[in-house]
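Good morning, everyone, and thank you for making time for this. I would like to walk you slowly through one structure, so please keep the picture in view while I talk.

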Amino acid sequence: VQLQASGGGLVQAGGSLRLSCAASGRTFSSYVMGWFRQIPGKEREFVAAIRWSGGATYYADFVKGRFTISKDNAVKSVYLQMNSLKPEDTAVYYCAVAEYYSSSRSSYDYWGRGTQVTVSS
């Protein structure tokens, strides 16, 4: 599985960004696509995930009500709509694939290159 993330950039606090992650290559009939983020010097942390089959979604507490994860089966893509961004959301965002839902990074087998999100105050 190859993953390509895009959509990062610089935005002011309170603004919005939409990240995209396109999957190609081998895919599973039922798997989970997730978004993680990493701030320099800190561990990579779970942000959100979505089940490819059924569309159940999962969020970290710190993004509930602000971020929305969605998918488009036709183009094998997952999106992360980020609203009301805060300076503390500044990080490199990664998309990843797992066979089963988990918020643990160790459960995800495939990772895309990250995309930088910078939120200015």
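Let me begin with a word we will need, which is "buried": a residue is called buried when its relative accessible area is under 20%, whereas exposed means over 50% and partly exposed covers what lies in between. Please also keep in mind that what you see is a predicted model.

With that word in hand, look at Cys 21 and Cys 95, which are both buried and which form a disulfide, with their sulfur atoms 2.1 Å apart. Cys 21 lies in strand S3 and Cys 95 in strand S9, so this pair ties together parts that are 74 residues apart in sequence. The torsion about their S-S bond is about 65°, so the disulfide is right-handed.

Now let us turn to the nonpolar core. The largest one has 36 residues, and those with the most contacts inside it include Trp 35, Leu 80 and Tyr 93. Among the elements that give two or more residues to this core are S3, S4 and S9, and S9 gives the most, with 6 residues. If we set aside residues up to four places away in sequence, Tyr 93 touches, among others, Trp 35, Leu 80, Met 82 and Val 117.

Finally, consider Gly 25, which sits in the loop between strand S3 and strand S4. Is Gly 25 buried or partly exposed? Its relative accessible area is 44%, so Gly 25 counts as partly exposed. Beyond its neighbours within four places in sequence, Gly 25 is in contact with Gln 2 and Lys 76.

Note on methods
Residues numbered from 1 in each chain as written. Predicted model: local features only at pLDDT ≥ 70, side-chain atom pairs only at ≥ 80, totals over all residues. Heavy atoms only, no water. Helix = DSSP H or I, 4+ residues; strand = E, 2+ residues; numbered from the N terminus. Buried < 20%, exposed > 50% of the residue type's maximum accessible area, 1.4 Å probe, protein only. Contact = heavy atoms within 4.5 Å. Disulfide = S-S within 2.5 Å. Core = buried A, V, L, I, M, F, W, Y, C linked by side-chain atoms within 4.5 Å.
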